[in-house]
Amino acid sequence: MVGGLMGAAGACADDLARAYAHALAQDPTWVEAQARYAEVLADQDLARAGYRPVLSIAGRATANHREVDGEFFGLNNLDRDDDFEALSYAIALRQPLLRLDRWRARDVAALRSGAALARLHAAESDLMLRVAEAYFAALDAEQDLEVFRAELQAIAERSDQIREQTRLELATRAGQSEADAQRELAQARVLRAQQSVAATRAELALLTGQLPTGLATVPLSRALPPVEPARQQDWVDQARTANPLLIAARLESEVAGRQVDVQRAARWPTVDLIAQREYLDNSGGVTGARKDSEDLIGLELRMSLFDGGETRARTSAALARYQQALARQARALRQAEFDTQRAYAALELGQAQIEALRAARAATYDAVEATEGGVFAGTRTGVELVQSLRERFDAERALSRAIHAYLLNSLRLQAAAGSLGADDLMAVNRLLSD
């Protein structure tokens, strides 16, 4: 995935795809999520091992000193001490045949791995959203700075003109003071925007591991993709079945329910197949030098008669955890529905806002042109022209932010519905241009 994203982003210096590719390799939260998933997979292998045969070998070589005084194996008044060496080894095989708790624990581990995979998908979607949010926040700050610089330049030019007109007594000193004030305010906005650019770039670098040198932008006139499917209920229905956090919560509640069975199964008897070989080579002692060997094979039955109430306590605790898991599942369902409805509503509102702001932006260009003509004709003042310019720049800023918000909400909607993937991020990335 990383290679594909890096290749697709190669044409742009710093675009959304490249930022995400770097975050996949650098973001600590994503790295932690991958390690957590690997841990759960290892736990699944551990659960499977509980029903597999265990083969062990043990050996011992010792130097012994033994003293015997009294009766020994029917020999009276035995008084003897001896020094000798002993060598022994044993090979044992144990194959569980009936371990109900381990059977159920193996099923629980499989469910837990499914929940972990769903959470990994959720972490991947979360990473995409965090990168996109940080990217567009940085882009908003950069474009604000560009707009404020252009505004400052335009206001400064008009302020200089008004100052010259005042000198020639073609404008009032009040108009000049107003123009100068607008110029200082514009300068302050530029300074704040510069600070915001530095801060948002640093936040993006927290995810990608490097500061961006420049960001690709979305042209204000570019057509945006519509919401598909168009019905909100279709998105909500999809979220109820595909939201990764909801899937994880459902599997985790099932895990908690199975854990109750695991604890109850602890009181059941266990049956193991055992096979063992033991060998002893003794060089002395009371019985004299000898070599012993013993082979056995059979079944071993174990059953707990009383464990001090441990099984009952563990079962009660498992039941309480099951109730907690069901509550988390209900909360995850409501959250998935809420996130989907909120993102869809934001998209609908965003579409209307973008249409209105594009019309307003066009109107501000017309207003600036009309005001410039009025200034030339003497019917409008330079201060009014400065105000028209500010309204045009504000309209462009608002439109840019509305477009970014629309794209972000489209990603949030797909994430809530459980359908967000790298292809969706690439689709947004294709809307960007240098």
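The protein holds 10 helices and four strands. Helices here are DSSP runs of H or I with at least four residues, strands are runs of E with at least two, and both are numbered from the N terminus. The model is predicted, so local features need pLDDT of at least 70 and side-chain atom pairs count only at pLDDT 80 or more, while totals for chains, interfaces and linings use all residues. Residues are numbered from 1 along each chain as its sequence is written, and side-chain values use heavy atoms, with hydrogens and water left out. From the N terminus, the elements follow the order α-α-α-β-β-α-α-α-α-β-β-α-α-α.

The chain has 434 residues, of which 39% count as buried. Buried means under 20% relative accessible area, exposed means over 50%, and partly exposed lies in between (1.4 Å probe, protein chains only). The accessible surface of the protein is about 24,000 Å². Carbon and sulfur atoms contribute 53% of that surface. Areas come from the Shrake-Rupley method with a 1.4 Å probe; for residues, only the protein chains shown count as cover. Among contacts with a separation of 6 or more, 79% join residues 24 or more positions apart. Contact means heavy atoms within 4.5 Å.

Ala 116 lies in helix H4 (residues 100–167). Ala 116 is buried because its relative accessible area is 13%. Beyond its neighbours within four places in sequence, Ala 116 contacts Tyr 37 and Val 40. Arg 36 is 80 residues away along the chain, yet the C-alpha atoms of Ala 116 and Arg 36 are 7.8 Å apart.

Helix H6 (residues 232–242) packs against helix H7 (residues 244–264) at an angle of about 40°, with the axes 6 Å apart. Axes are lines fitted to C-alpha atoms, for helices over the stretch in contact, and angles run from 0 to 180 degrees between N-to-C directions. H6 and H7 are therefore oblique to each other. Angles under 35 degrees count as roughly parallel, over 145 as roughly antiparallel, 65 to 115 as roughly perpendicular, and the rest as oblique. H6 supplies Ala 239, Arg 240, Thr 241 and Ala 242 to the contact, and H7 supplies Pro 244, Leu 246, Ile 247 and Arg 250.

Leu 55, Ile 57, Tyr 89, Ile 91 and Leu 93 form a nonpolar surface patch of about 480 Å². Strands S1 (54–72) and S2 (75–98) each give two or more residues to the patch. S2 provides the largest share, three residues. Patch residues have over 30% relative accessible area and no salt bridge; like charges are joined within 9 Å, and nonpolar side chains (Val, Leu, Ile, Met, Phe, Trp, Tyr) within 5 Å. A salt bridge places a side-chain nitrogen of Lys or Arg within 4 Å of a carboxyl oxygen of Asp or Glu. Ile 57 belongs to S1. Ile 57 is exposed, with a relative accessible area of 65%.
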